[in-house]
Amino acid sequence: MKSHGKGLLGSILSQAEDDEEIDVDCIKGVLGNMVAAGYLTTKGALSGFFLSMLYYPEIQRRIQEEIDEYIGRDRDPNLDDRSVMHYTNAAILECLRFISHVPIGVPHMTREDIEIEGMRIPANTTMITNFWSTNRSEKYWDEPNIFLPERFLDDNGKFLPAEHILRLQLIPFGVGRRNCVGESFAKSRIFLYVTSLLQKFNFTPGENTLASLDSAKWKPRISMHPDFLNCTVRPR
Ligand code: HEM
């Protein structure tokens, strides 16, 4: 068999030799999906997060205090640090709720008749989760339009456990068998970017107007992001 090299494309091309269903359109689709699903989603989360740091310098300062206390300035953050970074975890989660930059889920279809909260949904119905509206609904959140990391902390300042209702009802990566396959990877990357950058730099607004932090004003896309991130970055 011809070698196509390592990596995603190499692996698809090797499989395509034995499977005629994998044609050029299919390969283009998979690669396009990886860009949209793997890159644009994390770009949206990170640009939304650092934009929120420009709006809320006090929250930025509290994350930096936590970094200074548990990680310090002399070593790089790593994933083991996540378990003690309560405020940072809460701020990242609140950002995902507040910006809901992946506003709706991938369409799914019911295989049989089902009933949800008294509503009958026939088989073969296309279902699309609206994360944006539930994340901003007063039915589920106190003051949903306020950016408040503390909502995910208990009275002792600890990050709420995963089984707490507020954590369970926030599903930025979807739930069930077809939830986001990149969830764990995305969460790790966001934590490492946030802590590595805030450990070393202060982010302040640039001279021009800030982009809106209200994602309802961002261009509607499958994965949204602010139009620009106008900021000054200085070493701490
Ligand atoms: C903050 C970052 C991300 C968010 C908010 C996010 C969100 C989502 C959501 C809401 C879905 C649909 C789930 C459903 O319909 O129930 C999804 C699916 C998917 N995501 Fe992500 N995602 C992120 C990062 C990533 C990354 C980094 C990758 C790849 C490395 C990835 C790959 C995928 C794939 C392949 C699917 C389709 C899964 C399937 O249909 O079985 N995502 N994502």
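Guide: To start, a salt bridge here is a side-chain nitrogen of Lys or Arg within 4 Å of a carboxyl oxygen of Asp or Glu. This is a predicted model, where local features need pLDDT of at least 70, side-chain atom pairs count only at pLDDT 80 or more, and totals for chains, interfaces and linings use all residues. Residues are numbered from 1 along each chain as its sequence is written, and side-chain values use heavy atoms, with hydrogens and water left out.

Visitor: OK, how many salt bridges does the structure hold?

Guide: There are 13.

Visitor: Show me one. What do Lys217 and Asp214 do?

Guide: Their side chains meet in a salt bridge, at 3.6 Å from N to O.

Visitor: And are those two buried or exposed?

Guide: Lys217 is exposed, since its relative accessible area is 61%. The cut-offs are under 20% relative accessible area for buried and over 50% for exposed, with partly exposed in between (1.4 Å probe, protein chains only). Asp214 has 24%, so Asp214 is partly exposed.

Visitor: Zoom in on Arg61 and Glu65. How far apart are the closest N and O atoms?

Guide: The closest N and O atoms of that salt bridge are 2.0 Å apart. Both residues sit in helix 3, four residues apart, or about one turn of the helix. A helix here is a DSSP run of H or I with at least four residues, a strand is a run of E with at least two, and both are numbered from the N terminus.

Visitor: Why do Arg61 and Glu65 count as partly exposed?

Guide: Arg61 counts that way because its relative accessible area is 37%. For Glu65 the value is 43%, so Glu65 is partly exposed too.

Visitor: Switching topic. What does the secondary structure of the chain come to?

Guide: Seven helices and six strands. Going along the sequence, the pattern reads α-α-α-α-β-β-β-β-α-α-α-β-β.

Visitor: What does the C-alpha trace span along its principal axes?

Guide: About 55 × 55 × 35 Å.

Visitor: And how many of the 236 residues count as buried?

Guide: As a share of the chain's 236 residues, 36% are buried.

Visitor: Let's do the core. Which residues touch the most other members of the largest nonpolar core?

Guide: Phe49, Phe50, Ile63, Val194 and Leu198, out of 40 residues in that core. Helix 2 (24-55), helix 3 (57-70), helix 4 (86-99) and helix 7 (183-200) each bring at least two residues to this core. Helix 4 has the largest share, with nine residues. By nonpolar core I mean a set of buried Ala, Val, Leu, Ile, Met, Phe, Trp, Tyr and Cys residues joined through side-chain atoms within 4.5 Å.

Visitor: Backbone next. What is the phi of Ser100?

Guide: Ser100 has a positive phi of about 40°, although Ser100 is not a glycine. Most residues other than glycine have a negative phi.

Visitor: Where is Ser100, and is Ser100 buried or exposed?

Guide: Ser100 is in the loop between helix 4 and strand 1 (108-109). Relative accessibility is 2% there, so Ser100 counts as buried.

Visitor: What about the phi of Glu143?

Guide: That phi is near 45°, again a positive value in a residue other than glycine. Glu143 lies in the loop between helix 5 (131-135) and helix 6 (165-168).

Visitor: Buried or exposed, that Glu143?

Guide: Glu143 is exposed, because its relative accessible area is 52%. Ser100, by contrast, is buried at 2%.
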